[in-house]
Amino acid sequence: MIAVKKNPVIYLILLSVFFYSCNDRQKTIQSLQLQIDSLQKHMANSYKPGFGEFMSSIQVHHEKLWFAGTNQNWQLAAFEINEIKESLDDIQTYCQDRPETKSLSMIVSPLDSINQAIEQKNLSSFKNSFITLTTTCNNCHQATEHGFNVIRIPTTPPFSNQEFSSAQKQ
Ligand code: HEC
C-alpha cells in the first residue's frame with residue numbers, strides 16, 4: 001500500500017483496470033438484454049391454442065367417452081376422461097387471461113363421479129354421471145355467456161375408424 005501511495009503510475013493502472021472491467025460488464029449486460037428482447041419477441045409470436053380449441057378437443061373426448069362407457073370399454077373410458085382432464089389443465093395454464101377460466105372448478109366433481117363409475121365398472125352410474133357432466137358443460141356455457149353452445153348426449157359414434165366396443169371385454 002505504501003508503494004501504491006508513492007507511485008501515481010500504479011493509480012493509473014488500477015484505474016484503467018477498473019474502467020476496463022466496467023466496460024466489459026456493460027457489454028455483457030447489453031448482450032444479455034438483446035437476448036432477452038429477442039426471446040420475448042419469439043414468445044409473443046409463438047402459437048398458443050385458444051380456449052375454443054381446447055373446447056373442441058374436449059368435445060371429441062366427451063363424445064368418445066360416451067361410446068367407450070356405454071360399450072363398457074372401461075379402459076378406453078378411463079383414457080378419454082384423462083384426455084378431458086388434460087385439456088382442462090391446459091386451459092388453466094394457457095388461458096389465464098380469460099375470465100371464464102375461473103368457472104372451470106364446477107366440472108371437477110362431475111368428472112370425479114364418472115371416474116368412480118369407471119373404476120367400479122358400473123354402467124348405470126356411468127350413464128347418470130355422464131348426464132350430470134353434460135349438464136355441467138351447459139351450466140358453464142350459460143354462466144359464461146355461451147349458452148347458445150348446447151352440448152347433448154351423443155347419438156352416433158364420432159369416428160368410423162375407431163372401435164369403441166372393447167376388443168377383449170374386461
Ligand atoms: C369454464 C366453463 C366451461 C366448461 C366447464 C365447459 N365449457 Fe365449453 N366453452 C366454454 C367457453 C367460454 C367457450 C367459448 C370458447 C371460445 O371463446 O372460443 C366454450 C366453447 C365450447 C365449444 C365450442 C367450440 C367450437 O368451436 O365449436 C364446445 C363444443 C364446448 N365448449 C364443449 C364443452 C363440453 C363438451 C364441456 C363439458 C365436458 C364443456 N364445453 C365445458 C366454457 C366452458
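Let's start with His62, which sits in helix H3. Helices here are DSSP runs of H or I with at least four residues, strands are E runs of at least two, and both are numbered from the N terminus. This is a predicted model, in which local features need pLDDT of at least 70 and side-chain atom pairs count only at pLDDT 80 or more, while totals for chains, interfaces and linings use all residues. Residues are numbered from 1 along each chain as its sequence is written, and side-chain values use heavy atoms, with hydrogens and water left out.

Is His62 buried or exposed? His62 counts as buried because its relative accessibility is 6%. The cut-offs are under 20% relative accessible area for buried, over 50% for exposed, and in between for partly exposed, using a 1.4 Å probe and protein chains only. Leaving aside residues up to four places away in sequence, His62 touches Ile84, Phe130, Leu133, Thr134, Cys137, Ile151, Arg152 and Pro154. A contact means heavy atoms within 4.5 Å.

## How confident is the model?

Each residue carries a pLDDT, the predictor's confidence on a scale from 0 to 100. For the protein chain the mean is 91, and 94% of the residues reach 70 or more. Helix H6 has the highest confidence, at 98, whereas helix H1 (residues 2-6) has the lowest, at a mean of 58. Where pLDDT is low, the predicted coordinates should not be read in detail.

Take Ser129, a residue of H6: it is buried because its relative accessible area is 7%. Beyond residues up to four places away in sequence, Ser129 touches Ser113, Ile114 and Ala117.

## Empty space: a cavity and a pocket

Rolling a probe the size of a water molecule over the atoms shows where empty space is left. On a 1 Å grid over the protein atoms alone, a cavity is a set of points where a 1.4 Å probe fits but cannot get out; a pocket is an open set with protein on both sides within 12 Å along at least five of seven lines; and lining residues have an atom within 4 Å of a point. Grid points are joined across faces, edges and corners, and a volume is the space filled by probe spheres set on the points.

The structure holds one cavity of 30 Å³ or more. About 30 Å³ of space lies in the largest cavity, and its lining is made by Ile58, His62, Ile84, Ile107, Leu133 and Cys137. H3 and H6 are the elements that give two or more residues to this lining. By class, the cavity lining has five nonpolar residues, one polar and no charged. Here Ala, Val, Leu, Ile, Met, Phe, Trp, Tyr, Cys and Pro count as nonpolar, Asp, Glu, Lys and Arg as charged, and the others, Gly among them, as polar.

The largest pocket has about 650 Å³ of space. It is lined by 28 residues, and those closest to its centre are Met55, Gln59, His141, Asn149 and Ile151. Helix H3 (51-70) and helix H6 (123-143) each supply at least two lining residues, with the largest share, eight residues, coming from H3. The pocket lining divides into 13 nonpolar, eleven polar and four charged residues.

## Two loop residues with positive phi

Most residues other than glycine have a negative phi, and most peptide bonds are trans. Gln72, in the loop between H3 and H4, has a positive phi near 55°. With 33% relative accessibility, Gln72 counts as partly exposed. Lys121 lies in the loop between H5 and H6 and also has a positive phi, of about 50°. Lys121 counts as partly exposed at 44% relative accessibility.

Ser31 lies in helix H2 (residues 8-45) and is partly exposed, with a relative accessible area of 34%. Ser31 and Ser113 are 82 residues apart along the chain, and their C-alpha atoms are separated by 54 Å. Ser109, in helix H5, is partly exposed at 48%.
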